[in-house]
Structure formats: structure tokens, C-alpha cells
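Q: I have a model open and want to learn how to read it. Can we go feature by feature?

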Amino acid sequence: MDFIEVALKVNAEFADILTAELGELGFDAFVEAEDGFNAYIEEDQFSEAEMKEMLQHYAEHVVVTYTVQRIERQNWNEEWERNFEPLFIGGQVSVRASFHPKPEQAKYDIVINPKMSFGTGHHETTTLMIENQLTLDHKGKRVLDMGCGTGILAIMAGELGASEIVAVEIEDWTVENARENAELNNYSHIDVRLGGAETIAGEEPFDIILANINRNVLLEDMPAYKAVLKPQGWLLLSGFYTEDLPAIQQRTDELGLQYVSHREKNNWVSALFKAI
């Protein structure tokens with residue numbers, strides 16, 4: 001399957017908003033550019049008409065121009081190698097590609113070869129999730145990562161001492177990439193599954209559930225998360241904006257999940273809840 005690359009020129013203030021909107025349309029990888037960003041989607045999922053309709057909603061607020069080109073899947077490695085810069089998160093976590101040297105000062109070192117998957121740590125939501133993970137005791141814990149993308153959060157759970165890790169993703173090629181990254185970081189025991197919330201029905205309960213997806217999916221699937229969360233267990237969410245937090249909190253209140261705290265970065269949020 002080949003991919004469509006849409007290169008958007010847009011004011012930085014609207015880049016995150018459009019990233020979220022394109023995510024709703026099926027785009028699942030994004031690379032920052034000097035004057036905007038590039039978005040990627042499988043060729044058979046792309047509808048330029050839907051994208052134009054979405055962009056039209058913002059026409060009164062921002063000027064957006066774009067170009068579209070088809071790229072072969074095997075060329076993706078070349079694309080991310082040109083753009084993937086190593087990160088250092090929370091003063092402890094190195095996130096790098098396999099061709100980057102390991103930084104000496106890193107307490108935790110994660111190697112990610114993202115291919116077309118979301119989750120290199122460059123997006124605010126991934127960074128916020130990792131910062132929140134650093135505050136939780138993972139040692140000997142059973143952890144679930146919903147919408148795992150590259151598997152970075154599942155791997156972080158392993159770095160923090162989790163004993164059992166299940167990761168779930170809806171795209172088969174993303175599952176393949178998550179498994180590759182898990183093995184690359186010596187966590188081949190991470191159970192990476194293809195599917196959605198239905199794959200965890202009846203599961204043995206988890207101590208920690210991680211879900212970095214989007215507002216609508218979180219609201220819809222939260223009952224499924226709660227059903228497999230241990231009493232006093234932790235639910236860590238991201239993929240939504242500051243203005244979405246009240247709706248998220250209302251849903252967690254209904255399910256008996258207590259709000260604990262949240263972090264913000266560029267209007268993105270990662271919130272922590274505890275099962276009562």
C-alpha cells in the first residue's frame with residue numbers, strides 16, 4: 001500500500017488544530033516542517049474532498065495552502081530519517097532513532113524507528129504521557145497501552161519496571177511497527193494486538209491503562225477501560241485539548257474514576273485518573 005503525503009503551509013498557531021482534524025480523517029503520521037507540517041495517510045483512505053471541506057471551516061481564521069503527492073511505502077524510512085531529531089523528556093528519558101548515538105545522561109533510553117506510526121515523542125501528547133508515566137510506580141505492574149502507535153508508551157512502561165504489558169492498535173502495519181520497536185528495545189514480551197476496545201473485553205485487570213488517542217474515541221471506549229482497571233488503578237489519558245477536559249472529566253466521574261491531575265503543553269492535555 002502506497003501513501004499520500006499532504007504538505008500543508010499554515011500558521012504554527014493552527015498546526016496542532018489541523019493535525020487533530022486530519023487525524024479524524026484518517027491521517028496517522030505527521031512531520032513538522034519549517035512553514036507547517038506534512039501529513040500522511042494510506043492511499044485508499046485519502047479523500048481530498050473531505051480534507052477541503054474540513055479546511056474550509058478554518059478559512060475565515062487562517063490561510064492554508066497544500067500540495068499532494070503519492071509516495072511509496074518503502075520511501076518512508078528516508079523521510080523520517082531526514083526529520084527525526086532525538087529528544088530528551090523530563091530530564092530522564094532519551095527518545096532516539098537507531099542511527100542516533102545513546103546520550104550518556106539518559107536514565108531511560110528508548111529507540112524508536114517509527115515508519116508510518118504515530119508516537120516518536122515529538123508530539124505534545126506523547127511527551128506529556130511520558131512525563132506523567134514518570135510519576136507512576138510501574139514496578140511489577142500490569143499495563144495496557146491503547147492506541148499504542150509505535151509502542152513508545154508500552155516500551156516506557158517496560159523501562160519503568162512493568163511486568164506485563166499489552167498494547168493495542170487498529171492498523172496492522174502499526175502493530176507490525178510496534179512489535180519491531182518492542183524487540184528493538186528488548187521488550188519482545190510486550191503483547192501487541194490488532195483491534196480496538198473489543199480486544200480487551202474480559203481481560204485480567206490492569207494496574208495502569210494508557211490511552212493517547214483522541215477525544216471521541218476516549219469518550220466512547222472509556223467504559224471498556226474501566227471494566228478492566230483494577231480498584232485503585234491508574235488511567236492516564238491524552239489526545240485532546242484543554243477545552244475538552246471538562247467532557248473527559250464528566251465521563252470519568254460517571255464511571256467512578258477520580259480526577260487526580262493534568263499537564264498541558266500548547267493546549268494539549270494529558271490527564272491522570274484513579275479508580276475509586
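Q: What joins β2 to β3?
A: A hairpin does, through two residues. This is a predicted model, so read every feature as a prediction. β2 covers residues 29–33, and it pairs with β3 in the antiparallel sense over five bridges. One place to look is Phe 30, which stands opposite Ala 39 in β3.

Q: Which other strand pairs with β3, in the antiparallel sense over seven bridges?
A: Strand β1, residues 3–9, pairs with β3, residues 36–42. Ala 7 stands opposite Asn 38 in β3. The β3 bridge partner of Lys 9 is Gly 36.

Q: How many residues of β1 and β3 are buried?
A: Buried means under 20% relative accessible area. In β1, five of the seven residues are buried, and the strand is mostly covered. In β3, seven of seven are buried.

Q: Now a helix. How many residues of α4 are buried?
A: Start with the general idea. An α-helix has 3.6 residues a turn, so residues three or four places apart point the same way. Now the case here. Nine of the 10 residues of α4 are buried, so this helix is largely enclosed by the rest of the structure. Among the buried ones are Glu 124, Leu 128, Met 129 and Asn 132.

Q: Thr 125 is in α4. Is Thr 125 buried or exposed?
A: Thr 125 counts as buried, because its relative accessibility is 2%. Then ask what its side chain meets. A polar contact of 3.2 Å joins the side chains of Thr 125 and Asn 212.

Q: Where does Arg 142 lie, and is it buried or exposed?
A: Arg 142 lies in strand β8, residues 142–146. With a relative accessible area of 7%, Arg 142 is buried. The side chains of Arg 142 and Glu 203 are joined by a polar contact of 2.4 Å. A polar atom of the Arg 142 side chain also lies 3.2 Å from the backbone oxygen of Glu 204.

Q: Which residues does Arg 142 touch, beyond those up to four places away in sequence?
A: The list is Glu 164, Val 166, Glu 203, Glu 204, Pro 205, Phe 206, Asp 207 and Ile 208.

Q: Now a glycine. Where does Gly 195 lie?
A: Gly 195 lies in the loop between β10 (191–194) and β11 (206–212). Gly 195 counts as buried, because its relative accessibility is 13%. Ile 170 is 25 residues away along the chain, yet the two C-alpha atoms are separated by 4.5 Å. Setting aside neighbours within four places in sequence, Gly 195 is in contact with Val 168, Glu 169 and Ile 170.

Q: What does Gly 233 touch, not counting residues up to four places away in sequence?
A: Gly 233 touches Asp 207, Phe 273, Lys 274 and Ala 275. Gly 233 lies in strand β12. At 3% relative accessibility, this glycine counts as buried.

Q: Last topic: pockets. How much space lies in the largest pocket?
A: The general idea comes first. Rolling a probe the size of a water molecule over the atoms shows where empty space is left. Here, the largest pocket holds about 1200 Å³ of space. Its lining has 50 residues, and the closest to its centre are Gly 23, Glu 24, Phe 27, Ile 213 and Asn 214.

Q: Which elements give two or more residues to that lining?
A: They are α1 (12–24), α4 (124–133), α5 (152–159), β9 (164–169), α6 (172–184), α7 (215–227) and β12 (229–241). α1 gives the most, with six residues.

Q: How do the lining residues of the largest pocket divide by type?
A: There are 21 nonpolar, 19 polar and 10 charged residues in the lining.

Methods
Residues numbered from 1 in each chain as written. Predicted model: local features only at pLDDT ≥ 70, side-chain atom pairs only at ≥ 80, totals over all residues. Heavy atoms only, no water. Helix = DSSP H or I, 4+ residues; strand = E, 2+ residues; numbered from the N terminus. Buried < 20%, exposed > 50% of the residue type's maximum accessible area, 1.4 Å probe, protein only. Contact = heavy atoms within 4.5 Å. Polar contact = N/O pair within 3.5 Å; in protein donor to acceptor, adjacent residues only side chain to side chain. Pairing = 2+ DSSP bridges. 1 Å grid on protein atoms, 1.4 Å probe; cavity = no way out; pocket = protein on both sides within 12 Å on 5 of 7 lines; lining within 4 Å. Points joined across faces, edges and corners; volume = space filled by probe spheres on them. Nonpolar A, V, L, I, M, F, W, Y, C, P; charged D, E, K, R; others polar.
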